[in-house]
Amino acid sequence: MGKKLIGVDLGGTTIKFAILTADGEIQQKWSVRTNVLDDGSHIVPDIVKSINHHINLYKMHRDDFIGIGMGTPGTVDRKKGTVIGAYNLGWKALQPVKEQIEEGTGLSFSLDNDANVAALGEQWKGAGDEGDDVAFITLGTGVGGGVITNGEMVHGFGGAGGEIGHMNVEPDGYLCTCGNRGCLEQYASATGVVHVAEDTAEQYEGDSTLKAMIDNGDQVTAKAVFDLAKEHDFLANMVVDKVCRYLGIACANVANILNPQYLIIGGGVSAAGDFLLTRVNKNFQKCAFPTVRKSTQLKLAVLGNDAGVIGAASLARKFM
């Protein structure tokens, strides 16, 4: 029986855990609620407790494990194993995560940003086919990104490498939470799609179920916009075309700089599937450099919610 990896995917609402083989096959997985009370001071103790509990539950020993890897929101110092600025966790101050988890579990620990970790998961066991050059865009509440070049994760000098969500796609456009205007995140995230829908509806005068929903003050989601577009709602299709144009431009810009083998689109909004991908690809083809157009392939992510724990576990492979 080979040694195992533990992957932890720390999110604002849940913490997902998995025990995997060294080859990345999930053997057990579980999750606990994220307790963000008291400035997130319960999070690390909860992680330690849950890992220790499950090691005992499965009648395993510390020697059975290579190590633990974790993906987290916020700004990560990988060498020191610290996190700061993960506001959705209540972590405003610096958190010595590595030190606390290694002390609490007796296992080696490594961490990285959550979008980077999802990218590693897709590259290792998902749509990336273990390619050395893979870019990943995740469309969720925000837009995250991760870039792998020559088999290595791109972190950049200040740790902000791969911030694809903050690529400018509309100069002087919507105000972003980062303080800049026109970031991709404001157009292609779940909330961004709704924002585009509301603005487009204001100027639209024809018949449309989507317009009626917005005018009535009904709850509109990105999923509803895509579902209505699939049913040939004219306004919904206008919105999807706009969103896919911005995404296509962003994908072309990323690919023109990096020329990855695969550019993978994941996250909740990507559940629209080929309906989304085909339109993004059309805009990508228009904007990409000829060589890039022929060599970089756009794909949908395949791991879903498991990308985070699989990618996190891959961080611990360096302890092998």
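Is Q123 buried or exposed? In this predicted model, Q123 is buried, with a relative accessible area of 12%. The legends below begin with that residue.

Figure 1. Q123 is found in helix 4. Because its relative accessible area is 12%, under the 20% limit, the residue counts as buried. A polar atom of the Q123 side chain lies 2.9 Å from the backbone oxygen of G131. Beyond residues up to four places away in sequence, Q123 touches G128, D129, E130, G131, V134 and I148. One of these partners, D129, is placed in the loop between helix 4 and strand 8 (134–139). D129 is not a glycine, yet its phi is positive, about 50 degrees. Most residues other than glycine have a negative phi.

**Figure 2. The second largest pocket and its lining.** This pocket has a volume of about 420 Å³. Its lining comprises 15 residues, and those nearest the pocket centre are L120, E152, M153, S314 and L315. Two or more lining residues come from each of strand 7 (109–113), helix 4 (114–125), strand 10 (152–153) and helix 12 (307–315). Sorted by class, the lining holds five nonpolar, five polar and five charged residues.

Figure 3. The largest nonpolar core has 50 residues. Within this core, the residues with the most contacts are L139, L184, L210, V239, L263 and L276. Helix 9 (residues 234–258) supplies the largest share of the core, 13 residues. Another core lies apart from it and has 27 residues, among them F17, V48, I55 and W91. In soluble globular proteins, nonpolar side chains tend to be buried together. In the close-up, L184 is in contact with V143, I164, G165, M167, V169, S189, Y246, L247 and A250, leaving aside its neighbours within four places in sequence.

**Figure 4. F284 in helix 10.** F284 has its place in helix 10 (residues 274–287). With a relative accessible area of 0%, F284 is buried. Not counting residues up to four places away in sequence, F284 touches G248, C251, A252, A255, V292, R293, T296 and L298. A250 is 34 residues away from F284 in sequence, and the two C-alpha atoms are 8.1 Å apart in space.

**Figure 5. Helix 8 and the elements that cover it.** Buried residues in helix 8 (residues 222–230) are A222, A224, V225, F226, L228 and A229. The cover over these buried residues includes helix 6 (190–203), helix 7 (209–215), helix 9 and helix 10. Following helix 8 is H232, whose phi is positive, near 70 degrees.

**Figure 6. T200 in helix 6.** T200 is placed in helix 6. The residue is buried, with a relative accessible area of 3%. Apart from residues up to four places away in sequence, T200 touches L235, M238, V239 and K242. V239, one of these partners, is among the residues with the most contacts inside the largest nonpolar core.

Figure 7. N259 lies in the loop between helix 9 and strand 11 (262–266). Although N259 is not a glycine, its phi is positive, about 45 degrees.

**Figure 8. E170 and its contact with Y246.** E170 lies in the loop between strand 10 and helix 5 (185–188). The residue is partly exposed, with a relative accessible area of 29%. The side chains of E170 and Y246 make a polar contact of 2.6 Å. Leaving aside neighbours within four places in sequence, E170 is in contact with R181, G182, Y187 and Y246. Y246 is also one of the residues in contact with L184. E170 and D241 are 71 residues apart in sequence, and their C-alpha atoms are 15 Å apart in space.

Definitions and conventions. Residues are numbered from 1 along each chain as its sequence is written. This is a predicted model: local features need pLDDT of at least 70, side-chain atom pairs count only at pLDDT 80 or more; totals for chains, interfaces and linings use all residues. Side-chain values use heavy atoms; hydrogens and water are left out. On a 1 Å grid over the protein atoms alone, a cavity is a set of points where a 1.4 Å probe fits but cannot get out, and a pocket is an open set with protein on both sides within 12 Å along at least five of seven lines; lining residues have an atom within 4 Å of a point. Grid points are joined across faces, edges and corners, and a volume is the space filled by probe spheres set on the points. Helices (H or I, at least four residues) and strands (E, at least two) are DSSP runs, numbered from the N terminus. Ala, Val, Leu, Ile, Met, Phe, Trp, Tyr, Cys and Pro count as nonpolar, Asp, Glu, Lys and Arg as charged, and the others, Gly among them, as polar. Buried means under 20% relative accessible area, exposed over 50%, partly exposed in between (1.4 Å probe, protein chains only). A polar contact is a pair of N or O atoms within 3.5 Å; within protein, one must be able to donate a hydrogen and the other to accept it, and residues adjacent in sequence count only if both atoms are side-chain atoms. Contact means heavy atoms within 4.5 Å. A nonpolar core is a set of buried Ala, Val, Leu, Ile, Met, Phe, Trp, Tyr and Cys residues joined through side-chain atoms within 4.5 Å.
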